[in-house]
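Dear colleague,

Please find the structure below.

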Amino acid sequence: MSKKIKAFIIVGVVLLILFLIKMFFNQRISSVEDLQNYMKTFGVFGPLVLTFIQALQVVIPVLPGYLGCAAGAVAFGSATGFWCNYIGISAGSIIAYFLAKRYGMDIVLAMFPQKQYDRWSTRIEQSRSYPWFLFIATLLPLFPDDFLCYFSGLLKMNARKFIWIIILGKPWCILAYSIGFGLIK
């Protein structure tokens with residue numbers, strides 16, 4: 001991919017993010033109904049916007065994923081919210097893995113503090129079976145999944161194995177969030 005295309009894509013993504021952030025802060029969201037109304041402003045594209053935001057929040061880890069899970073379940077119900085969140089988070093996880101594979105340690109240290117990298121690399125070095133550790137970590141709520149996706153890209157982990165871990169491990173916690181937050185409606 002040429003540098004011009006990469007720059008165009010980056011500028012486009014940044015503009016889209018800024019647009020979504022501006023729209024979010026122009027709204028006053030103080031209740032579940034406000035959040036539902038905000039998501040409805042996107043019309044039929046609301047679920048796609050949520051899916052994109054969930055993928056983006058893994059690739060650029062600023063907000064915890066459970067907030068998007070809550071927004072999806074509240075705005076679209078448990079089932080649709082689950083699918084938007086699962087597809088978005090899984091896609092973002094796979095993108096993060098391949099970004100780390102491609103750009104190495106530089107991108108990981110650009111996204112996460114050196115201290116976090118050092119702490120987890122020490123734990124991983126002591127682990128006998130990182131793939132099992134990663135699978136269990138994807139099952140648990142509030143675990144640093146985003147970091148582990150990037151970290152996995154630094155290891156000699158097979159891409160197919162990583163993708164299967166994400167596909168099989170991610171849905172359970174997201175499903176629990178979706179059902180739980182869907183009850184708020």
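Does Cys-84 count as buried or exposed? Cys-84 counts as buried, because its relative accessibility is 6%; buried means under 20% relative accessible area, exposed over 50%, and partly exposed in between, with a 1.4 Å probe and protein chains only. Cys-149 also counts as buried, at 1% relative accessibility. A disulfide is a covalent bond between the sulfur atoms of two cysteines. The structure holds zero disulfides, where the criterion is a pair of cysteine sulfur atoms within 2.5 Å.

Two remarks on the source are in order. This is a predicted model, in which local features need pLDDT of at least 70 and side-chain atom pairs count only at pLDDT 80 or more, while totals for chains, interfaces and linings use all residues. Residues are numbered from 1 along each chain as its sequence is written, and side-chain values use heavy atoms, with hydrogens and water left out.

As to the overall fold, the protein has nine helices and zero strands; helices (H or I, at least four residues) and strands (E, at least two) are DSSP runs, numbered from the N terminus. Along the sequence the pattern reads α-α-α-α-α-α-α-α-α. Of the 185 residues, 40% count as buried.

A polar atom of the Thr-138 side chain lies 2.6 Å from the backbone oxygen of Phe-135.

The surface also has a feature to report. Ile-136, Leu-139, Leu-140, Trp-172, Leu-175, Ile-179 and Leu-183 form a nonpolar patch there, with about 660 Å² of accessible area together. Such patches are made of residues with over 30% relative accessible area and no salt bridge, with nonpolar side chains (Val, Leu, Ile, Met, Phe, Trp, Tyr) joined within 5 Å and like charges within 9 Å. A salt bridge is a side-chain nitrogen of Lys or Arg within 4 Å of a carboxyl oxygen of Asp or Glu, and accessible areas come from the Shrake-Rupley method with a 1.4 Å probe. Two or more residues of the patch come from each of α7 (130-139) and α9 (159-182), and α9 gives the most, with three. Trp-172 is in helix α9 and is exposed, with a relative accessible area of 52%.

Yours sincerely

How values were computed
Polar contact = N/O pair within 3.5 Å; in protein donor to acceptor, adjacent residues only side chain to side chain.
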